[in-house]
Amino acid sequence: MTARLHMPAEWEPHQATWLAWPHAITTWPGCLDAAEREFELLVRTLARFERVELVVQSEAQRARIEARLGEVARGDALRLHVIATNDVWMRDIGPTFVRGPDGLVALDWTFDAWGGKYPPWDRDDAVAARVAELAGVRRERPGIVLEGGAIEVDGEGTLLATEPTLLDPKRNPGIDRARIEALLLELLGVEKTIWLGDGIEGDDTDGHIDDIARFVAPGRVVCAREPDPSDPNHRPLEDCIARLRAATDARGRSLEVIDLPMPPPVRADGDRLPASYANFYVANRAVLVPVFDAPSDRKALDVLRAVFPGREIAGIPSRALVRGLGAVHCLTQQQPR
């Protein structure tokens with residue numbers, strides 16, 4: 001395995017962002033059209049700030065998307081690629097791009113649909129290799145199950161992760177905490193892992209970090225907070241905040257922890273969905289934030305505007321997208337410059 005790899009922070013400059021157009025009616029039952037409309041706005045917004053590498057399922061779908069996106073598809077800010085997938089959560093099925101001594105390396109994690117929850121996943125597990133090829137980036141297959149939404153780095157050697165995902169015995173049986181931390185050092189340049197606990201209600205990934213807590217700068221973290229003690233998210237999020245406040249990063253700094261509100265419950269068929277403003281994406285000169293047509297939207301955008309000065313803060317309507325149990329960050333994967 002190649003040593004001396006380093007994962008840049010998300011706010012560092014991007015060459016492009018990879019996404020895949022929604023297509024699975026099993027993911028968005030009865031609301032695929034609405035999810036496509038929200039996704040289209042995500043693509044159009046992102047293309048204002050950096051190149052979008054967009055995966056589509058077929059040549060026929062390529063033609064439909066090109067016609068739908070019009071002038072965006074005709075410009076240099078969007079390129080379409082035909083790669084058949086089972087689903088479209090590029091954060092988890094795409095490669096994690098890291099820097100090595102000779103340039104970028106695409107880490108092609110093993111993907112098993114979050115512990116075997118949604119078969120089949122063979123096409124999704126093959127996506128990272130194809131993306132690496134199209135990007136012209138050397139690929140490595142570490143041989144462990146890991147999803148991009150489960151890891152959050154500050155670019156200076158510190159990583160946030162939750163125990164239920166990275167230490168899940170269904171994903172990597174026989175691999176303990178010490179071994180995972182050693183692999184994170186080897187593959188991502190992570191010197192310090194800060195372990196958090198349970199995720200939010202409705203999250204079928206067992207608690208991905210990108211719905212809970214995110215670095216906004218070295219030493220600074222926003223963490224979702226639910227003040228209502230009767231809400232099921234109150235206890236796990238308070239525990240996460242307490243762990244973050246007690247932690248130090250790889251440089252020995254205590255973390256500044258900034259509260260990020262939670263939206264009111266968003267439900268479908270009676271079930272709570274994993275709606276969280278923490279599922280934002282930091283693009284070049286902008287931050288794209290899922291919003292849910294709730295009064296808390298404005299407060300969340302204001303919090304992120306304060307911690308990302310100089311970047312445009314763009315709300316992306318996501319009530320339909322989150323029906324698929326993910327949102328803006330889950331759908332995107334950055335390729336560093």
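Helices here are DSSP runs of H or I with at least four residues, and strands are runs of E with at least two; on that basis the chain, which comes from a predicted model, has 12 helices and 18 strands. The radius of gyration is 18 Å, close to the 20 Å that the globule rule gives for 337 residues, so the chain is as compact as a globular protein of that length. Along the principal axes, the C-alpha trace spans about 50 × 50 × 40 Å.

Let me turn to packing and surface. Of the 337 residues, 60% count as buried, and among contacts between residues at least 6 apart in sequence, 77% join residues at least 24 apart. The chain exposes about 12900 Å², with carbon and sulfur atoms supplying 49% of that area, while the mean positions of its 41 positive and 53 negative charges are 4 Å apart.

Now the aromatic rings, where the count comes to 6 pairs. One of them is the tilted pair of Trp 28 and Trp 89, at 5.5 Å centre to centre and with 45° between the planes. Trp 28 sits in the loop between β1 (14-20) and α1 (32-46), and Trp 89 in the loop between β3 (78-82) and α4 (90-93), so this pair ties together parts that are 61 residues apart in sequence. Trp 28 is buried, with a relative accessible area of 1%, and Trp 89 is also buried, at 5%.

Trp 114 and Tyr 118, by their geometry, form an edge-to-face pair, at 5.9 Å centre to centre and 80° between the planes. Here Trp 114 is buried, with a relative accessible area of 7%, whereas Tyr 118 is partly exposed, at 40%. Together with Phe 111, these two residues form one aromatic cluster.

Methods:
Residues numbered from 1 in each chain as written. Predicted model: local features only at pLDDT ≥ 70, side-chain atom pairs only at ≥ 80, totals over all residues. Heavy atoms only, no water. Rg over C-alpha atoms; globule rule 2.2 N^0.38 Å. Buried < 20%, exposed > 50% of the residue type's maximum accessible area, 1.4 Å probe, protein only. Contact = heavy atoms within 4.5 Å. Areas by Shrake-Rupley, 256 points an atom, 1.4 Å probe, with all protein chains shown as cover. Lys, Arg positive; Asp, Glu negative; His and termini not counted. Charge placed at Lys NZ, Arg CZ, Asp CG, Glu CD. Phe/Tyr/Trp six-rings, centres within 6.5 Å; stacked < 30°, edge-to-face > 60°.
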